[in-house]
Amino acid sequence: MSRIQPILSIQHLKDLQASLKEKRDPDLIRITLCTGPGCEATGANDVAEAFRKQIGERNLGDQVEFKCTGCHGFCAMAPVVTVEPPGYCYGGVRPGDVKEILERTILRGELIEELVYKDPETGETVPLEADIPFYKHQHRIILAENRQVDPTSLEDFLTIGGYNALAHTLQSQTPENMIDIIKRSGLQGRGGAGFPAGVKWERAHEQPDEPKYIVCNADEGDPGAFMDRCLLEGNPHRVIEGMCIGAFAIGARQGFVYVRHEYPIAVKRITQAVEDVQSAGLLGDGILGTDFVFDLKVVQGAGAFVCGEESALIASLEGHRGEPRQRPPYPVESGYKGKPTIINNVETWANVPHIINNGPEWFASIGSEGSKGTKIFSLVGKVRNTGLVEVPMGATIRSIVYDIGGGVPNGKEFRAIQTGGPAGGCLPAELIDLTIDFEALQHAGTIMGSGGLIVMDESTCMVDVAHYFTRFLEFESCGKCYSCRKGTQRMRELLDDICEGRGTMGHLDLLEELGHAVNTASMCGLGQNAANPVLSTLRYFREEYEAHIKGLRCPAGVCKALIRYEIIAELCDGCTACAKVCPAEAIEGEKDHPHTINADACIKCGTCVDVCAKDAVIVVSGGGQ
Amino acid sequence: MAPSNASSASTVEESTMPETDLSAVNDILEQHEYDQTELIAILLNVQDALGFLPPPALTHISEQLSVPLTEIYGIATFYTQFRLTPPGRHKFTVCTGTACHVRGAVQVVEEFERRLCICSGETTPDLEYGLETVNCVGACAIGPLVIVDDEYHGEMTTMKVPILLRRLERARAEVSE
């Protein structure tokens with residue numbers, strides 16, 4: 001991609017956008033391949049290679065425009081290709097399908113039925129992306145752009161009007177105006193706590209101390225969440241533009257993007273985008289011919305969940321261990337190197353240019369009473385249509401899990417949904433009509449967090465989930481507060497006991513007492529929410545804990561100490577497949593005769609379940625299945 | 001923070017540690033202009049260059065930056081991305097994020113541990129394979145996920161573990177022939 005010459009003024013930017021738009025041939029058929037994490041992992045790069053090669057070989061360059069973009073969202077169909085016009089969405093595309101797509105769809109305008117989304121209930125095909133329920137029920141503002149731009153191309157971003165919001169800001173706004181716009185929009189931080197962004201900016205603006213800093217928190221540590229990854233990988237310029245506007249509003253000259261080292265592609269994309277923008281003169285001294293000075297630096301985290309907490313993130317930026325410190329003073333007063341610093345999350349920054357372009361009233365008209373705009377969620381776990389979804393704040397769990405997510409697959413029952421990452425909680429199926437906004441979730445005992453939604457079905461053990469998160473938090477606790485360091489450890493030990501059949505009812509009382517102590521006495525967000533997984537599961541799934549304690553039974557069949565594997569003799573045809581793969585040699589039986597599992601030798605690895613074609617191996621816990 | 005992968009027991013003996021190339025470390029320090037606030041980036045770059053953080057490199061960095069060695073060890077053991085022992089030639093990284101967990105990542109980790117006879121965080125004695133877990137790599141929609149070196153493998157099961165291992169073993173046999 002050719003580097004853009006320095007853009008010297010606002011008029012220059014407008015002219016450049018216009019000429020780029022003009023250059024784009026509207027008659028080309030646009031083939032767009034998603035190369036987000038889900039598609040990449042399922043072979044999108046090979047598909048891209050095949051498209052490039054065959055478009056070249058067939059001289060189709062003057063008929064089609066082929067583009068690799070960031071995440072479209074529909075990971076369950078990965079790798080995803082769209083063809084516009086007419087707007088077909090093809091899923092599960094293999095390199096071998098490329099020939100057919102070019103020959104049939106591009107040259108002859110035919111639909112390839114086999115690659116199209118099929119309704120799992122009716123089997124009906126849905127050719128157009130816009131008609132697929134997964135997309136139809138969303139309200140995509142930020143995510144929609146992922147599909148329009150090649151994230152490695154500044155030109156592409158300019159073609160969709162990129163950096164217009166910055167130009168408008170520099171041309172006709174004052175910092176006070178900008179803060180007022182963000183306040184009126186009602187934008188709340190998307191990182192979890194939901195603090196009003198405009199208020200934070202205002203406080204930073206009012207600080208007399210100089211210099212000021214702004215930070216993009218891209219340390220997306222919640223397991224099960226990948227929204228920020230996909231925004232940075234798919235549309236890094238939107239985030240940079242948002243940060244430029246924020247810097248103008250508070251008077252910062254230096255900004256940082258703090259990205260997880262575990263996201264190498266995100267690091268690469270944002271780094272390249274920053275370099276491109278620097279050489280185009282949209283970062284640095286005298287941006288767009290004004291006296292605005294701002295620069296950005298990309299900094300990598302090194303794998304510490306607690307660094308998502310703002311004071312820990314600052315410690316890490318300064319080159320120290322990521323330990324939080326007591327607040328106040330808040331970072332807006334004393335942050336990076338003791339100077340006023342605002343930290344907002346990736347999605348928050350990405351929202352800012354849209355608010356400037358469309359007005360605060362437009363933004364405030366979307367969403368619920370208490371929470372404005374849209375929110376991106378990563379919808380994962382035991383749900384049919386896994387992927388990234390963007391919905392107005394205040395959407396119900398039902399609409400997300402069923403209308404968009406298509407419900408729970410394999411005929412299983414929806415059991416619970418986990419929100420807010422490790423510091424969040426689990427909500428039961430009864431609360432399916434709960435609206436998802438900051439207040440409603442808090443009231444229900446969980447948090448919005450950064451937007452992970454993990455769907456659980458009847459084969460998910462809620463005690464195991466609580467154990468999983470508590471162990472995670474025990475590991476990630478920085479150790480500064482005793483309540484968090486020791487409290488998470490003790491809670492995990494109590495959960496060990498329950499999962500392994502040594503629990504008593506007294507354990508539950510102790511867990512509750514300890515949980516409240518941990519949440520009350522810890523200093524940072526990690527510790528203050530560390531007991532949420534335990535407390536929310538105790539609140540909504542107490543009977544499951546009791547089954548583990550009183551019946552020595554894990555109803556979901558997960559907790560190893562409480563389950564055993566058995567073969568149903570009537571279903572077993574003696575194919576010996578399980579006996580062959582059993583690593584413990586615990587399965588006995590003659591060929592063509594039902595096999596049995598020696599419970600003493602069985603290590604409960606579950607391989608026999610995976611390999612059995614007859615579904616004859618079952619998990620038994622306590623007295624029943 | 002609980003002991004990270006970096007500091008957990010390893011099956012690798014001290015004596016198998018390769019010589020440390022300090023010139024690479026010097027280049028990295030130079031790039032970062034010996035700036036103390038860049039310490040984490042320096043350590044990440046050194047690890048990229050050398051595969052891990054060998055003790056002589058840490059001592060050298062401590063001297064060059066005038067940062068106490070204890071603080072450098074503090075950082076190297078606080079952040080999970082750092083490792084103080086040599087990695088295997090091939091690395092299996094099993095994602096144990098929530099989405100992968102509820103879909104059976106634990107079984108996948110255990111299968112690797114059983115087949116490789118090492119625990120997560122360790123390297124096989126011949127330095128061929130390393131096994132690690134990661135909290136989440138953001139490919140949640142296709143979990144459980146295993147990353148072999150840099151290649152993603154989605155929807156893993158215990159059944160697929162020996163297939164991945166066999167593939168690498170075959171490649172190794174071909175190389176040695």
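Tutor: Gladly. In chain B, a network of salt bridges links B:Arg89, B:Asp126, B:Glu128, B:Glu169 and B:Arg172. This is a predicted model, in which local features need pLDDT of at least 70, side-chain atom pairs count only at pLDDT 80 or more, and totals for chains, interfaces and linings use all residues. Residues are numbered from 1 along each chain as its sequence is written, chains are lettered from A and ligands numbered from 1 in the order in which they are written, and side-chain values use heavy atoms, with hydrogens and water left out.

Student: Are A:Arg260 and A:Glu262 buried or exposed, and how do you know?

Tutor: Buried means under 20% relative accessible area, exposed over 50%, and partly exposed in between (1.4 Å probe, protein chains only). A:Arg260 has 4%, so this residue is buried. A:Glu262 has 11% and therefore counts as buried.

Student: Why is A:Glu493 called partly exposed?

Tutor: Its relative accessibility is 24%, so the label is partly exposed. A:Arg490, at 36%, counts as partly exposed too. These two residues form a salt bridge, with their closest N and O atoms 2.6 Å apart. Both lie in helix H20 (residues 482-499) of chain A, three residues apart, about one turn of the helix. Helices (H or I, at least four residues) and strands (E, at least two) are DSSP runs, numbered from the N terminus.

Student: Which elements does the salt bridge of A:Lys375 and A:Glu347 link?

Tutor: The side chains of A:Lys375 and A:Glu347 meet at 2.6 Å, N to O. The pair links distant parts of the chain, with A:Lys375 in strand S11 and A:Glu347 in helix H15 of chain A, 28 residues apart. Both A:Lys375 and A:Glu347 are buried. Helix H15 (residues 346-358) also holds A:Ala350, which is buried because its relative accessible area is 1%.

Student: How do you know that A:Lys372 has no salt bridge?

Tutor: The nearest side chain of opposite charge, A:Glu369, is 5.3 Å away. Lys and Arg count as positive and Asp and Glu as negative; His and the chain ends are not counted. A:Lys372 is buried and lies in the loop between helix H16 (360-364) and strand S11 (374-381) of chain A. A polar atom of the A:Lys372 side chain lies 3.4 Å from the backbone oxygen of A:Glu369.

Student: Which residues form the negative surface patch, and what makes a patch?

Tutor: The patch is formed by B:Asp21, B:Asp27, B:Glu30, B:Glu33 and B:Asp35. Patches are made of residues with over 30% relative accessible area and no salt bridge; like charges are joined within 9 Å, and nonpolar side chains (Val, Leu, Ile, Met, Phe, Trp, Tyr) within 5 Å. B:Glu33 has 67% relative accessibility, so this residue counts as exposed. B:Glu33 sits in the loop between helix H1 (22-31) and helix H2 (39-50) of chain B.

Student: How many helices and strands does chain B have?

Tutor: Chain B has seven helices and four strands, and 52% of its 177 residues count as buried.

Technical notes. Areas by Shrake-Rupley, 256 points an atom, 1.4 Å probe, with all protein chains shown as cover. Salt bridge = Lys/Arg side-chain N within 4 Å of Asp/Glu carboxyl O. Charge placed at Lys NZ, Arg CZ, Asp CG, Glu CD. Polar contact = N/O pair within 3.5 Å; in protein donor to acceptor, adjacent residues only side chain to side chain.
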